[in-house]
Amino acid sequence: MQIRKGCKYKYVPVPLDIFIPCIGAKKGFLFEGDIVKVIAPPGMPKAKTINCNHVYIDVEINGKWEFAGLIHINSLEKI
């Protein structure tokens, strides 16, 4: 699957993301089935460079995007 920055995907964690959860999962605001947006922070490797992506999660409580962390590309599914 083609992963592109700025696009939205559904988060379905693979075993790697379950055993080593990202920041968002540790803090309790990233769950299976959530919609995430792939980003490219300055100074970080491009998306898919290490088979991982930095993502934001759409938090419906306050209506804005929150940084969720680094997740494996196989944890992303098309919406």
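This is a predicted model: local features need pLDDT of at least 70, side-chain atom pairs count only at pLDDT 80 or more; totals for chains, interfaces and linings use all residues.

Residues are numbered from 1 along each chain as its sequence is written, and side-chain values use heavy atoms, with hydrogens and water left out.

**Confidence**

- The mean pLDDT of the protein (pLDDT being the predictor's confidence in each residue, from 0 to 100) is 82, and 92% of the residues reach 70 or more.
- Confidence is lowest in strand β3, residues 52-59, where the mean is 73, and highest in β5, where it is 91.

**Overall fold**

- The protein has two helices and five strands, where helices (H or I, at least four residues) and strands (E, at least two) are DSSP runs numbered from the N terminus.
- Read from the N terminus on, the elements follow the order β-α-α-β-β-β-β.
- The radius of gyration is 11 Å, close to the 12 Å that the globule rule gives for 79 residues, so the protein is as compact as a globular protein of that length; this radius is taken over C-alpha atoms, and the rule is 2.2 Å times the number of residues to the power 0.38.
- Taken along the principal axes, the C-alpha atoms fill a box of roughly 30 × 25 × 25 Å.
- Among contacts (heavy atoms within 4.5 Å) between residues at least 6 apart in sequence, 53% join residues at least 24 apart.

**Surface and burial**

- The accessible surface comes to about 5,200 Å², of which 56% belongs to carbon and sulfur atoms; accessible areas come from the Shrake-Rupley method with a 1.4 Å probe, and for residues only the protein chains shown count as cover.
- Of the 79 residues, 33% count as buried, where buried means under 20% relative accessible area, exposed over 50%, and partly exposed in between (1.4 Å probe, protein chains only).

**Strand pairing around β1**

- Strand β1 is joined to β2 (residues 35-39) by three bridges, and the two run antiparallel; strands count as paired if DSSP finds at least two bridges between them.
- Within this pairing, K10 stands opposite I35 in β2.
- Strand β1 also pairs in the antiparallel sense with β5 (residues 76-77), over two bridges, and there the bridge partner of Y11 is L76.

**P13 and S75**

- P13 is found in the loop between β1 (8-11) and α1 (15-19), and, not counting residues up to four places away in sequence, P13 touches I18, E32 and S75.
- The C-alpha atoms of P13 and N74 are separated by 7.7 Å, although these residues are 61 residues apart along the chain.
- S75 has its place in the loop between β4 (64-72) and β5, and with a relative accessible area of 0% S75 is buried.
- Leaving aside neighbours within four places in sequence, S75 is in contact with K10, Y11, V12, P13, V14 and D17.

**Cysteines and G28**

- The structure holds zero disulfides, a disulfide being a pair of cysteine sulfur atoms within 2.5 Å.
- C7 is partly exposed at a relative accessible area of 30%, whereas C22 is buried at 5%.
- G28 lies in the loop between α2 (23-27) and β2, and counts as partly exposed at 35% relative accessibility.
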